[in-house]
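The following note collects points for a colleague who has the model open. Please read each point alongside the coordinates.

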Amino acid sequence: MGSEDVKLFNFHASPFGQRVIWALKLKGVDYECIEEDIFNKSNLLLELNPVHKKVPVLVHRNKPIAESLVILEYIDETWKQYPLMPQNPYQRAHARFWANFAEQKLLVAARIARLSSGEEQGKAVNEAREAMEKIEEEIKGKKFFGGDKIGYLDIVIGWISYWIPVWEEVASMKILDPLKFPAINAWITNFLSHPTINDTLPQRDKMVVYYHSRRKEVSPS
Amino acid sequence: MSMYIAKSRLSYIHTNIHRTQEIVCSQIQLFNMTPKILSKDICGRSWNTARCYILDPFVSLACRKTKSEVKLLGAWPSPFVMRARIALNIKSVSYEFLEETFQPKSPLLLDSNPVYKKVPVLINQDKPICESLIIVQYVDDVWSSGPSILPSEPYDRAIARFWATYLDDKWYPTLRSVRGAKGEDDRKKLITEVGEGLTLLEDALNKTSRGKDFFGGDQIGYLDIAFGCFLGWLRVTESLTGVKLLDQVKTPCLVKWAERFCAHGAVKDVMPQTEKLVEFAKMLMAKMAASTPN
């Protein structure tokens, strides 16, 4: 499949787009990455994702797919090498459940924490930590959420390995305490040392600049 | 895989079941299949009351799915519970429906869904599966010999999943907040948003149905289930606000689709009557008003 068949509209600091990159890379799928300026979105992006007007959007054979979790399952169903989802229906349901949980409980709280301060931030940090506790239980005794290999759930939750430390720095808060979450920290070490995962990470300093600017928009002081 | 069990094995099980109510055998295997046969005296009442598992690599045991094997913990007004029921109905799976008590939440609910403590929860062979759309996909995966719920092509599956996510993340929360709207302006704004969403869904129906009756084509599928479950509450909102949301002019295809969906064999017995839902909604609103301090 030529690279012209697969296009990814992304923004460098997007944790959602990163999931798609990891999935495509693990499967060895060639793709063209088109960087969107999210402060000045292209007409093409707005055409490809009129409902949400967001990145990432995967375009395969001229057909666009939006929403990172939807894109991940599409990628797994289209390119059969390096399966990401478990084979067993119950384990698949289990992986989807925790992906959904991490999205609804951890990501939402962590986002609020990186944009807020004071009491509101404190509340969000606590909620994020509570969600982390549940995820800590899930990863205990396993190298990856997928078992011996990186799988769907690792890719979905993978953002915490790189994005949370940046958000902690930008917003002067702490969610990922290594003493409280030893299993997650061990998983992060394993995850980030995988060459495919590591080689595609965005530049940290650019990310810090971006997230600082987002935080300033919301609380100028 | 053989659907039959050797006669000698059968008589072993039979004798043992009748001797003791519960048999714990050294090895366990229970297959997830709908059997064509097996004598009733083995697969009927005996299996309902006894738990017995045997393993024989050369012989497979096919056990008729008894109601107690598959349980669904739910609540009649819940659109999310309805999704699970429709999926099970499409696959002709026999299941036991357990109406959740709430106030307080039952031990079974707290045990089987400790993370969210919500319905629906599907329990299959003692394993709980939570979250309605995850349950629907699980049912489609497990009972794969029945009619397919998700489309077969990856792109069509992605589109169905996209719209189902949109419904849960954006559209339904907006519909729900109409009832709790503070002031006429707020209500109007939310109603407009609901209407805009319906226009998007009208367009999605035209694209995915390809001229057929349902989002899934000839048969109801994933997106029909994901959206159709909200029709009851949509009608409640129309009734309480006096505003027609699904109308002939703006969403003619959805109007026809809604009628067909509600009349479908897998849906009609689990779709609550709008009048009952309206009563239930009024009761909920009264409770909320009573508990809100002045």
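**Notes on the predicted model**

1. Beyond its neighbours within four places in sequence, I86(B) is in contact with I220(B), I225(B), F261(B), A266(B), V267(B) and V270(B), where contact means heavy atoms within 4.5 Å. The model is predicted: local features need pLDDT of at least 70, side-chain atom pairs count only at pLDDT 80 or more, and totals for chains, interfaces and linings use all residues; side-chain values use heavy atoms, with hydrogens and water left out. Residues are numbered from 1 along each chain as its sequence is written, and chains are lettered from A, and ligands numbered from 1, in the order in which they are written.

2. I86(B) also belongs to the largest nonpolar core, which has 163 residues; I184(A), W187(A), I86(B), W171(B) and W257(B) touch the most other members. A nonpolar core is a set of buried Ala, Val, Leu, Ile, Met, Phe, Trp, Tyr and Cys residues joined through side-chain atoms within 4.5 Å. Buried means under 20% relative accessible area, exposed over 50%, and partly exposed in between (1.4 Å probe, protein chains only). The greatest contribution to this core, 13 residues, comes from helix α7 (residues 154–179) of chain B. Domain 1 (66–148) and domain 2 (150–293) of chain B each supply at least three residues to the core. In soluble globular proteins, nonpolar side chains tend to be buried together.

3. Contacts link 17 residues of domain 1 of chain B to 22 residues of domain 2 of chain B.

4. E36(A) sits in the loop between β2 (32–35) and α2 (43–48) of chain A; helices (H or I, at least four residues) and strands (E, at least two) are DSSP runs, numbered from the N terminus. E36(A) is buried but has no salt bridge, and K41(A), the nearest side chain of opposite charge, is 7.7 Å away. Here a salt bridge is a side-chain nitrogen of Lys or Arg within 4 Å of a carboxyl oxygen of Asp or Glu; Lys and Arg count as positive and Asp and Glu as negative, while His and the chain ends are not counted. The side chain of E36(A) does make a polar contact of 2.6 Å with that of S42(A). A polar contact is a pair of N or O atoms within 3.5 Å; within protein, one must be able to donate a hydrogen and the other to accept it, and residues adjacent in sequence count only if both atoms are side-chain atoms. Not counting residues up to four places away in sequence, E36(A) touches F9(A), N10(A), F11(A), K41(A), S42(A), L45(A) and V55(A).

5. K27(A) lies in the loop between α1 (15–26) and β2 of chain A. K27(A) is buried because its relative accessible area is 3%. Its contacts, leaving aside neighbours within four places in sequence, include I75(A), D76(A), W79(A) and Y82(A).

6. V6(A) belongs to strand β1 (residues 6–10) of chain A. With a relative accessible area of 1%, V6(A) is buried. Residues up to four places away in sequence aside, V6(A) touches several residues, among them L24(A), V29(A), L58(A) and W79(A). V6(A) and P64(A) are 58 residues apart in sequence and 9.9 Å apart in space, C-alpha to C-alpha.

7. Two peptide bonds in chain B call for a check of omega. The bond joining Q103(B) and P104(B) is cis, with omega about 0 degrees, and P104(B) lies in the loop between β2 (96–99) and α5 (107–112) of chain B. The bond from V119(B) to P120(B) is also cis, with omega near 0 degrees; P120(B) is in the loop between α5 and β3 (121–124) of chain B.

8. E131(B) has a positive phi near 75 degrees and lies in the loop between β4 and α6 (132–142) of chain B. Q125(B) is partly exposed at 28% relative accessibility, and E131(B) is partly exposed at 24%. Most residues other than glycine have a negative phi, and most peptide bonds are trans.

Technical notes. Domains from an automatic or database assignment.
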